[in-house]
Amino acid sequence: MSAAAITCILPAYNEAPRIAAVLDAVAGHDLIGIAPVSDGRAHASISLRRNSPWPWRALGIDYISGERVMPRAVLADQLDALLALPRFGLEVFMNDLWLEAGFDIAVVRWPEVDSPLKSAKHGKLAGIAADVKMMRDIFRTIPAHHTLRQIFTMRARRI
């Protein structure tokens with residue numbers, strides 16, 4: 001698949017203080033998530049950072065990771081749906097698209113990359129509130145029981 005047919009997604013809601021560092025980290029990895037997609041080993045890739053929540057590291061997949069690579073066509077006809085999503089609904093929305101398409105998924109480990117916890121960004125109580133809002137957005141996008149199906153189906157589709 002040509003690089004022109006691939007889209008790299010890095011959702012960045014409320015990340016103004018950190019976005020430059022994120023983009024530097026991505027550029028410093030020569031977008032390693034592209035390789036398994038561009039060489040045909042996988043239909044899409046998703047990152048697994050050093051400080052992903054321990055259940056995701058134990059399962060070997062972070063289903064709400066924002067760093068993804070996929071064919072551009074996956075999102076090409078989804079603009080209206082994307083604009084209607086709640087702030088933290090994008091990742092689980094994309095998961096459904098991938099699973100409906102039967103994609104094989106490469107997990108790209110980033111052991112040197114951390115994502116700041118919401119408590120580190122906003123303080124302990126505000127961080128907990130932000131996590132609750134994030135989960136609410138996720139469950140507004142897909143039902144809570146559907147998240148388990150996404151996680152285990154994505155895990156089964158890992159290459």
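Rings of Phe, Tyr and Trp (its six-membered ring) pair if their centres lie within 6.5 Å; planes under 30 degrees apart count as stacked, over 60 as edge-to-face and the rest as tilted.

**View 1. An aromatic pair in a predicted model.** By this rule, the count comes to one aromatic pair. Trp56 and Tyr63 form the pair, and their arrangement is edge-to-face. The centres are 5.1 Å apart, with 80° between the planes. Both Trp56 and Tyr63 are buried. Buried means under 20% relative accessible area, exposed over 50%, and partly exposed in between (1.4 Å probe, protein chains only). The model is predicted, and local features need pLDDT of at least 70, side-chain atom pairs count only at pLDDT 80 or more, while totals for chains, interfaces and linings use all residues. Residues are numbered from 1 along each chain as its sequence is written, and side-chain values use heavy atoms, with hydrogens and water left out.

**View 2. Helix H6 packs with helix H9.** Helices (H or I, at least four residues) and strands (E, at least two) are DSSP runs, numbered from the N terminus. H6 covers residues 90–100, and H9 covers residues 144–156. Two packed helices are described by the angle between their axes and the distance between the axes. Here the angle is about 55°, and the axes of H6 and H9 are 11 Å apart. That makes H6 oblique to H9. Angles under 35 degrees count as roughly parallel, over 145 as roughly antiparallel, 65 to 115 as roughly perpendicular and the rest as oblique. Axes are lines fitted to C-alpha atoms, for helices over the stretch in contact, and angles run from 0 to 180 degrees between N-to-C directions.

**View 3. The residues where H6 meets H9.** H6 contributes Val92, Asn95, Asp96, Trp98 and Leu99 to the contact. From H9 come His146, Gln150, Thr153 and Met154. Contact means heavy atoms within 4.5 Å. By class, the contact of H6 with H9 has four nonpolar, four polar and one charged residues. Ala, Val, Leu, Ile, Met, Phe, Trp, Tyr, Cys and Pro count as nonpolar, Asp, Glu, Lys and Arg as charged, and the others, Gly among them, as polar.

View 4. Ten of the eleven residues of H6 are buried, so H6 is largely enclosed by the rest of the structure. Among the buried residues are Leu90, Glu91, Phe93, Met94 and Leu97. Val92, Asn95, Asp96, Trp98 and Leu99 of H6 are buried too. Just after H6, Gly102 takes a positive phi of about 75°.

**View 5. Pro86 and Asp137.** Pro86 is found in the loop between helix H5 (79–84) and H6. Its relative accessible area is 14%, so Pro86 is buried. Asp137 is found in helix H8. Asp137 is buried as well, with a relative accessible area of 3%. Leaving aside neighbours within four places in sequence, Pro86 is in contact with Asp137, Arg140 and Thr141. On the same terms, Asp137 is in contact with Pro86, Arg87, Phe88 and Gly89. Pro86 and Ile138 are 52 residues apart along the chain, and their C-alpha atoms are separated by 7.8 Å.

**View 6. Lys124 in helix H8.** Lys124 lies in H8, which covers residues 124–141. Its relative accessibility is 65%, so Lys124 counts as exposed. Asn51 is 73 residues from Lys124 in sequence and 17 Å away in space, C-alpha to C-alpha.

View 7. Ile6 has its place in strand E1 (residues 6–9). At 6% relative accessibility, Ile6 counts as buried. Pro71 is found in strand E3 (residues 68–71). At 13% relative accessibility, Pro71 counts as buried. Pro71 and Ser115 are 44 residues apart in sequence and 25 Å apart in space, C-alpha to C-alpha.
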